[in-house]
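Q: I am new to this structure and would like a close look at a single part of it. Please take me there slowly, and tell me how that part sits within the whole.

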Amino acid sequence: MKSSLKSIVNQVLGLSAPERALVAEQLLLSLQSPDRDTDALWAEEAEARIDAYERGELEAVSVNEVFGKYYKN
């Protein structure tokens, strides 16, 4: 590892946990490239679901009901 990289890593490790989490999040985001086609498809799907809800064709579900399927007490 280059000395400059070691220095950066040591500086980051000296940060508080929340600060390190922020650095980690920003680094991970920098590795992702936007996919405009996928973003457009998700936007289209979201609009279709909103329209269906407004027409009464789709019911809202509480967050407790959604997560209750995955987190059993």
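Predicted model: local features only at pLDDT ≥ 70, side-chain atom pairs only at ≥ 80, totals over all residues.

Which helix has the highest mean pLDDT among the elements of the protein chain, and what can be said about E45 and W42?

A: The protein chain has four helices and zero strands, so that, as defined by runs along the sequence, its pattern reads α-α-α-α. The element you ask about is helix 3, which covers residues 36-54 and has the highest mean pLDDT among the elements of the protein chain, at 95. The lowest mean pLDDT among these elements, 90, belongs to helix 4, residues 63-68. For the protein chain taken together, the mean pLDDT is 92, and 99% of the residues reach 70 or more.

P34 counts as exposed because its relative accessibility is 65%, where exposed means over 50%. The C-alpha atom of P34 lies 27 Å from that of L5, and the two residues are 29 apart along the chain.

Within helix 3 itself, two residues can be followed in turn. W42 is located in helix 3, and with a relative accessible area of 58% W42 is exposed. From E45 to L5 the separation of the C-alpha atoms is 43 Å, for residues that are 40 apart along the chain.

These separations can be set beside the overall dimensions of the protein chain. Its C-alpha trace spans about 60 × 40 × 15 Å along the principal axes. The radius of gyration of the protein chain is 21 Å, whereas a compact globule of 73 residues would have one near 11 Å. Buried residues make up 1% of the 73 residues, and the protein chain exposes about 7100 Å², of which carbon and sulfur atoms supply 57%. As for charge, the protein chain carries 8 positive and 13 negative side chains, and the centres of these two sets lie 14 Å apart.

One further detail concerns the aromatic rings, for a search of the whole structure finds one aromatic pair. The pair is formed by F67 and Y71, and it counts as tilted because the ring planes stand at 45 degrees, with the ring centres 6.3 Å apart. Of these two residues, F67 is partly exposed, at 44% relative accessibility, and Y71 is exposed, with a relative accessible area of 61%.

Notes: Residues numbered from 1 in each chain as written. Heavy atoms only, no water. Rg over C-alpha atoms; globule rule 2.2 N^0.38 Å. Buried < 20%, exposed > 50% of the residue type's maximum accessible area, 1.4 Å probe, protein only. Areas by Shrake-Rupley, 256 points an atom, 1.4 Å probe, with all protein chains shown as cover. Lys, Arg positive; Asp, Glu negative; His and termini not counted. Charge placed at Lys NZ, Arg CZ, Asp CG, Glu CD. Phe/Tyr/Trp six-rings, centres within 6.5 Å; stacked < 30°, edge-to-face > 60°. pLDDT = per-residue confidence, 0-100.
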